[in-house]
Amino acid sequence: MRPLLSGVSVRPDVITPNADGNQDVTRITYTLRRPASVSIYFLDAQGRRFDFRQERPRDSGEHQVDFSGIVDPYRL
C-alpha cells in the first residue's frame, strides 16, 4: 500500500524570519494520495510542539504553504 503522504519538502530548510528580505520564508510542499486532515507543527530542541496548521481538510494532490516563523502561541 502506498503512503498517504509523499513528496514532502521544506525549502529553504533554514530561515531567519527577521524581515530583512533574506531567507524570511520557507515553502512546505507535500502530496496527498487521498483527501485528509493535515496538521503541520514544529518541535524545538526540548521537544515542545508549536502548531502551525491544525487539522486542515485537504483534497488529494500537491499542496504548498509558506511559513514565516510565526507559530502558536507566538503571534505578531
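The charged end of Arg49 sits over the ring of Tyr41, with 3.7 Å to the ring centre. This is a predicted model. Its aromatic pairs number three. Ring pairs join Phe42, Phe52 and Phe67 into a cluster.

**Charges over rings**
- Arg49 places its charged end over Tyr41, 3.7 Å from the centre of that ring.
- Arg53 has its charged end over the ring of Phe52, 4.1 Å from the centre.

**The pair Phe42 and Phe52**
- Phe42 and Phe52 form one of the three aromatic pairs.
- Their centres are 6.3 Å apart, the planes stand at 50°, and the pair is tilted.
- Phe42 belongs to strand β3 (residues 36-43), and Phe52 belongs to strand β4 (residues 49-58).
- The two residues are ten residues apart, and their pair links distant parts of the chain.
- Phe42 has 29% relative accessibility, so Phe42 counts as partly exposed.
- Phe52 has 13% relative accessibility, so Phe52 counts as buried.

**The pair Phe52 and Phe67**
- The ring centres of Phe52 and Phe67 lie 4.9 Å apart.
- Their planes meet at 80°, so this pair is edge-to-face; planes over 60 degrees apart count as such.
- Phe52 is in strand β4 and Phe67 is in strand β5 (residues 61-67), so the pair ties together parts 15 residues apart in sequence.
- Phe52 and Phe67 are both buried.

**The cluster**
- Phe52 pairs with Phe42 and also with Phe67.

Definitions and conventions: Residues are numbered from 1 along each chain as its sequence is written. This is a predicted model: local features need pLDDT of at least 70, side-chain atom pairs count only at pLDDT 80 or more; totals for chains, interfaces and linings use all residues. Side-chain values use heavy atoms; hydrogens and water are left out. Rings of Phe, Tyr and Trp (its six-membered ring) pair if their centres lie within 6.5 Å; planes under 30 degrees apart count as stacked, over 60 as edge-to-face and the rest as tilted. Helices (H or I, at least four residues) and strands (E, at least two) are DSSP runs, numbered from the N terminus. Buried means under 20% relative accessible area, exposed over 50%, partly exposed in between (1.4 Å probe, protein chains only). A charge sits over a ring if NZ of Lys or CZ of Arg is within 6 Å of the ring centre and within 35 degrees of the ring normal.
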